[in-house]
Amino acid sequence: MRDVAIVAAGMTPFGELWHASLRDLCVEAAMEALKNAKTDQVDALFVGNMSGGQFVGQEHLGPLFADQLGMSGVAAMRVESACASGGTALRAAFAEIASGLSETALVVGVEKMTDATDVTEILATAADQENEVYHGITFPGLYALIARAHMQAYGTTEEDLSWVSVKNHKQGALNPKAQFRREVTVEEVMSSSMVSDPLRLLHCSPVSDGAAAVLLCPLKEAKKYTDRPVKILASGLATDSMALADRRELASLDAVERSARKAYKMAGMGPQNMQVAEVHDCFAIAEICCVEALGLVEKGKAGSAARTGYTALGGCIPVNTSGGLKSKGHPVGATGVAQAIEIFEQLREEAGERQVEGARIGLTQNMGGSGASSVVHIFQKV
Ligand code: COA
């Protein structure tokens with residue numbers, strides 16, 4: 001396998017983007033990445049998208065976007081793994097370059113959610129239809145069950161959940177691309193409307209539009225495009241049962257643990273080597289479970305990690321410096337690519353007020369559904 005690098009990135013702001021269609025978002029992010037690399041052609045295009053068909057009635061995104069980008073003829077495909085579609089598309093592009101199939105690959109993660117009226121139902125198609133959704137549960141409900149299980153097993157409190165939101169809003173306030181650039185207090189979070197007990201409005205990621213793009217090539221060719229490439233050290237993808245009822249236990253996310261184990265093995269490193277991480281905080285409890293499964297915080301101890309500052313900017317392992325899904329926004333297919341861009345910028349020392357001083361190694365973890373799939377990437381400053 002060849003070493004692979006990210007050489008350029010582009011991203012739209014995340015939010016309710018009424019002026020832009022699905023294809024507009026893709027083109028804006030992709031053109032920015034291509035412009036930054038001073039190129040206009042690639043060998044392959046990978047699109048991370050969860051549900052263009054249901055959100056805006058548009059499938060067959062590979063050729064559509066290749067055409068819109070003036071690249072008709074290029075190899076192009078869509079990759080879908082629910083909310084992990086972006087991270088999984090990045091992995092597909094990584095394999096494409098590592099294997100020697102292509103010399104350049106553009107990854108675009110994109111979702112246009114706010115045009116749809118039945119967003120919660122569309123998202124729920126990524127849960128187990130026969131065993132969960134048929135009985136009326138949706139994602140806030142599934143994550144509420146996980147939250148209750150974590151509370152029961154480890155004494156995690158509603159206040160602990162709220163500190164995750166406070167931390168991520170504080171960090172997101174420093175991100176010009178974030179959907180919500182405002183800080184919130186624990187009191188505000190704990191008095192926001194109940195969505196699915198114990199999860200309140202301010203424990204949830206929002207419904208968002210947006211796109212993010214990165215350009216990959218072999219590391220030894222990277223200097224053609226940039227003087228500061230970032231190496232992709234490892235990629236780990238893993239799965240778990242779709243239905244929560246079939247899980248070993250509710251308070252652990254085994255797919256995250258498995259994907260991390262594979263990535264750490266491939267990188268020849270462990271969680272102790274990570275200096276900054278973007279993890280999948282679609283609900284506050286998800287960040288708590290994910291940092292434990294990644295080994296960044298001891299099992300059962302992540303409840304207090306945001307409150308004590310352990311996972312905050314300036315702490316031992318800063319998590320979600322971008323604001324995370326909670327504050328930056330969660331256009332589902334774009335999220336995994338946007339996570340990679342945050343680490344790319346951190347390792348290039350381009351993160352401005354969010355910069356983690358001296359960061360050389362960073363990690364992203366992107367999750368599908370209630371944890372049925374998870375993909376982890378590890379990146380290194382070159
Ligand atoms: N965090 C902070 N503010 C939020 C928010 C969120 N998650 N969601 C909405 N808001 C704000 C809106 O900006 C709006 O503010 P305004 O009145 O100042 O304009 C207000 O709250 C009401 O917004 P609205 O769109 O009516 O909220 P809603 O009740 O329809 O939706 C949720 C709120 C939490 C149900 C929705 O954001 C949601 O479903 N989130 C989860 C998405 C999800 O499941 N993703 C996949 C994860 S696996």
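A crossing of two helices is called left-handed if the near helix is turned anticlockwise from the far one by less than a right angle, and right-handed if clockwise. In the structure above, α6 passes α10 in such a left-handed crossing. This is a predicted model, in which local features need pLDDT of at least 70 and side-chain atom pairs count only at pLDDT 80 or more, while totals for chains, interfaces and linings use all residues. Residues are numbered from 1 along each chain as its sequence is written, and side-chain values use heavy atoms, with hydrogens and water left out.

**Helix packing around α10**

Helices (H or I, at least four residues) and strands (E, at least two) are DSSP runs, numbered from the N terminus. Axes are lines fitted to C-alpha atoms, for helices over the stretch in contact, and angles run from 0 to 180 degrees between N-to-C directions. Helix α6 (residues 139–154) packs on helix α10 (residues 284–293) at about 60 degrees, with the axes 9 Å apart, which makes α6 oblique to α10. Under the convention used, angles under 35 degrees count as roughly parallel, over 145 as roughly antiparallel, 65 to 115 as roughly perpendicular and the rest as oblique.

With contact taken as heavy atoms within 4.5 Å, Tyr143, Ile146, Ala147 and His150 of α6 meet Ile285, Ala286, Ile288, Cys289 and Glu292 of α10. The residues of this contact divide into 7 nonpolar, 1 polar and 1 charged.

Helix α7 (residues 158–172) also packs on α10, at an angle of about 95 degrees and with the axes 8 Å apart, and α7 is therefore roughly perpendicular to α10.

**Ligand surroundings**

The table lists polar contacts, that is, pairs of N or O atoms within 3.5 Å.

| Residue | Protein atom | Ligand atom and distance |
|---|---|---|
| Ser205 | polar backbone atom | nitrogen, 2.8 Å |
| Pro206 | backbone N or O atom | nitrogen, 3.4 Å |
| Lys326 | side-chain N or O atom | nitrogen, 2.8 Å |

**Backbone geometry in two loops**

Most residues other than glycine have a negative phi, and most peptide bonds are trans. Lys38, although not a glycine, has a positive phi of about 55 degrees, and Lys38 is found in the loop between α1 (22–37) and β2 (44–48). A cis peptide bond, with omega of about 10 degrees, joins Asp197 and Pro198, and Pro198 lies in the loop between β5 (194–196) and β6 (199–200).

How values were computed:
Ala, Val, Leu, Ile, Met, Phe, Trp, Tyr, Cys and Pro count as nonpolar, Asp, Glu, Lys and Arg as charged, and the others, Gly among them, as polar. A polar contact is a pair of N or O atoms within 3.5 Å; within protein, one must be able to donate a hydrogen and the other to accept it, and residues adjacent in sequence count only if both atoms are side-chain atoms.
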